[in-house]
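Hello,

Here is the structure you were going to look at.

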Amino acid sequence: METFKTHLDKFIIISDEEFSSVFSFFQVLKVHKKQNLMLEGEICKSMYFVLNGCLRKFFINEKGVEQTTEFAIENWWITDTYAYERQTKTDFNIQSVEKSTILAIDLQNQEELLKKHPVMERYFRIIYQRSYAASERRIRYLYEMTREELYVHFSTQYLWFIQRIPQYLIASFLGFTPEYLSEIRAKLRS
């Protein structure tokens, strides 16, 4: 609970009393490693905030290979935004990478939260803006960088991911096969 309050304090001013009310709109979930929170084809009912642990969003491509599109670690949100906002079937899966504690909120509770606590509108606007900006950068990097440059950039900027996330998931996120990532790593070491 304190983790979420500290996170909110970075973006908005909220009293302890108001925070208790805000927190009541969320469900606390403890999930096991590799537990699925959402499966492709299901209605996307929830957004998830990571208190501790790590989640990933992925789809299975036409070759049957998992393609990771996003990770969420402590203080990050994850959902299929398009399907969540429209309450439609998702094209993605969300799964825990590690044993995790997360907050979940559904669209109805989020709407009630925003009505009761308008300051949360500002919070979510800032979060969405930051998420959109990060997506723009990632798209540019995918177009602009070679595969080797992409790995070097990622491993330099996000060292904690490289140390924490299994290499096959890093490869999936970067659009590589695990074997190709091993080749890049070997080349960089030599």
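Pockets and cysteines

The second largest pocket holds about 230 Å³ of space. Of its 15 lining residues, Val65, Glu66, Ser172, Phe176 and Thr177 are the closest to its centre. The model is predicted: local features need pLDDT of at least 70, side-chain atom pairs count only at pLDDT 80 or more, and totals for chains, interfaces and linings use all residues. Residues are numbered from 1 along each chain as its sequence is written, and side-chain values use heavy atoms, with hydrogens and water left out.

A pocket here is an open set of points on a 1 Å grid over the protein atoms alone, where a 1.4 Å probe fits, with protein on both sides within 12 Å along at least five of seven lines; lining residues have an atom within 4 Å of a point. Helix 8 gives the largest share of the second pocket's lining, four residues.

The largest pocket has a volume of about 1500 Å³. It is lined by 39 residues, and the closest to its centre are Glu70, Arg130, Ser131, Ala134 and Ser135. Helix 5 contributes the most to this lining, 15 residues; helices (H or I) are DSSP runs of at least four residues, numbered from the N terminus.

How many disulfides are there? The count is zero, where a disulfide is a pair of cysteine sulfur atoms within 2.5 Å. The sulfur of Cys44 is 18 Å from the closest cysteine sulfur, in Cys54, so the two are too far apart for a bond. Cys44 is buried, at 0% relative accessible area, and Cys54 also counts as buried, at 0%. Buried means under 20% relative accessible area, exposed over 50%, and partly exposed in between (1.4 Å probe, protein chains only).

Regards

How values were computed: Points joined across faces, edges and corners; volume = space filled by probe spheres on them. Helix = DSSP H or I, 4+ residues; strand = E, 2+ residues; numbered from the N terminus.
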